[in-house]
Amino acid sequence: MCPLLRPLRLGSLTWATPLLLAPMAGQTDHAFRQVCREQGGLGLATSELVSARALKFPSSRSRTLELFDWRPEEGPVAVQICGAEPEEMADAAREVVQAGAAVVDVNMGCWVPKVARQGGGAGLLRDPERATEVLRAVVKAVEVPVTVKIRAGWDAGSLSAVEIARRAADCGVAGVTVHARHAMQGMSGLADWQIITRVVRAVPEVPVIGNGDVTSPAEARRMLVETGCAGVMIGRAALGSPWVFRRVEHELRTGLPLPEPDRSERATVALHHARKMLLTTRIPASRAIRKLRGQLLPYALDPSGTTDVRDALVRIETPEELMELLTPLTK
Ligand SMILES: Cc1cc2nc3c(=O)[nH]c(=O)nc-3n(C[C@H](O)[C@H](O)[C@H](O)COP(=O)(O)O)c2cc1C
């Protein structure tokens with residue numbers, strides 16, 4: 001076996017490959033996670049983000065429970081929770097574990113003002129004491145492995161990832177994921193993987209997962225080699241390309257590239273993704289269709305230079321219209 005393809009161990013759990021699907025709100029629902037898994041190569045997948053505060057209040061609770069979509073057939077899933085209050089986070093952790101979460105991931109990366117200004121998400125990177133209290137409460141609340149997903153820091157002047165990771169390790173987390181951008185970058189600029197290397201050195205007893213801008217097998221290899229991280233998390237490059245994990249795993253294992261699927265294969269997977277989503281989602285059909293439009297656009301089903309499929313996809317209103325559009329493309 002290629003030394004870079006070591007299994008990933010988080011606490012008591014082990015995944016065959018060190019390749020992880022990033023949590024992505026609006027994207028990483030059961031159907032998409034399952035399609036990635038079926039394509040091969042994927043280790044651990046993470047759910048969409050669950051707000052601990054939203055779970056608490058009756059007005060937002062039922063909509064938040066729609067996100068509890070993990071099922072035994074997809075194997076152990078990490079469920080990401082977000083919030084700034086230790087007790088609320090502990091309650092949320094207990095609830096997702098009771099519902100079957102195999103790993104609880106604490107979000108310390110969300111930079112959107114609604115979350116970060118209230119102290120949650122990346123806001124915790126500015127408040128190491130509170131970050132520690134949150135992690136301590138969550139680790140104490142559940143028996144399953146707890147991981148934390150951080151960014152490089154709040155802004156270029158306060159790269160707190162090393163300090164937060166060290167504190168997280170002392171709280172007993174089973175893994176630390178580092179998205180190598182600071183919060184003020186949002187998703188812009190380039191990820192600077194040096195921060196991943198620094199965190200790997202700071203917490204030698206805890207597996208560190210690198211994240212940020214991995215779009216190809218070569219980049220996954222480079223991240224593993226350059227930073228010494230225990231796993232690579234892939235987000236945007238999996239959207240419309242759920243086979244990315246298979247391609248990375250294959251190239252790491254054999255040294256040989258796997259070609260990208262052609263257009264009809266892409267359409268076949270997109271159709272399967274759409275069917276699975278409509279069958280398994282807990283959200284109402286009209287919202288499911290709108291969500292699917294966004295999930296299916298990245299499959300890039302138009303021949304180059306044309307936009308007919310894209311133009312039709314954004315106007316789809318019903319499952320029947322969607323099937324009529326996608327089915328001929330699979331031939
Ligand atoms: C649409 C979208 C939604 C995201 N939602 C979350 C989220 O809920 N929680 C989180 O920790 N990160 C979230 N992220 C960040 C990703 O998990 C990941 O850190 C980021 O995309 C960088 O990885 P990449 O370059 O492989 O995409 C989101 C990213 C995208 C593109």
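Is E249 buried or exposed? With a relative accessible area of 15%, E249 is buried; here buried means under 20% relative accessible area, exposed over 50%, and partly exposed in between, with a 1.4 Å probe and protein chains only.

A word on the basis of these values. This is a predicted model, in which local features need pLDDT of at least 70 and side-chain atom pairs count only at pLDDT 80 or more, while totals for chains, interfaces and linings use all residues. Residues are numbered from 1 along each chain as its sequence is written, and side-chain values use heavy atoms, with hydrogens and water left out.

The side chain of E249 forms a salt bridge with that of R253, at 2.8 Å from N to O. By salt bridge I mean a side-chain nitrogen of Lys or Arg within 4 Å of a carboxyl oxygen of Asp or Glu. The two residues are four apart in helix 10, so about one helical turn separates them; helices are DSSP runs of H or I with at least four residues, strands are runs of E with at least two, and both are numbered from the N terminus. R253 is partly exposed, at 45% relative accessibility.

In total, the structure holds 23 salt bridges. One of them joins the side chains of R61 and E95 at 2.6 Å, N to O. Because R61 belongs to helix 3 (residues 58–65) and E95 to helix 4 (residues 86–98), this pair ties together parts that are 34 residues apart in sequence. R61 is partly exposed at 28%, and E95 is likewise partly exposed at 23%.

Let us turn to the ligand. It is surrounded by 16 residues, and the closest are Q80, N211, D213, G235 and R236; a residue counts as near if one of its heavy atoms lies within 4 Å. By class, this shell has seven nonpolar, six polar and three charged residues.

Two of the closest residues, R236 and D213, also meet through their side chains in a salt bridge of 3.0 Å, N to O. R236 lies in the loop between strand 10 (231–234) and helix 10 (244–254), and D213 in the loop between strand 9 (208–211) and helix 9 (217–227), 23 residues apart.

Finally, a backbone N or O atom of G235 lies 2.8 Å from an oxygen atom of the ligand.

Key: A polar contact is a pair of N or O atoms within 3.5 Å; within protein, one must be able to donate a hydrogen and the other to accept it, and residues adjacent in sequence count only if both atoms are side-chain atoms. Ala, Val, Leu, Ile, Met, Phe, Trp, Tyr, Cys and Pro count as nonpolar, Asp, Glu, Lys and Arg as charged, and the others, Gly among them, as polar.
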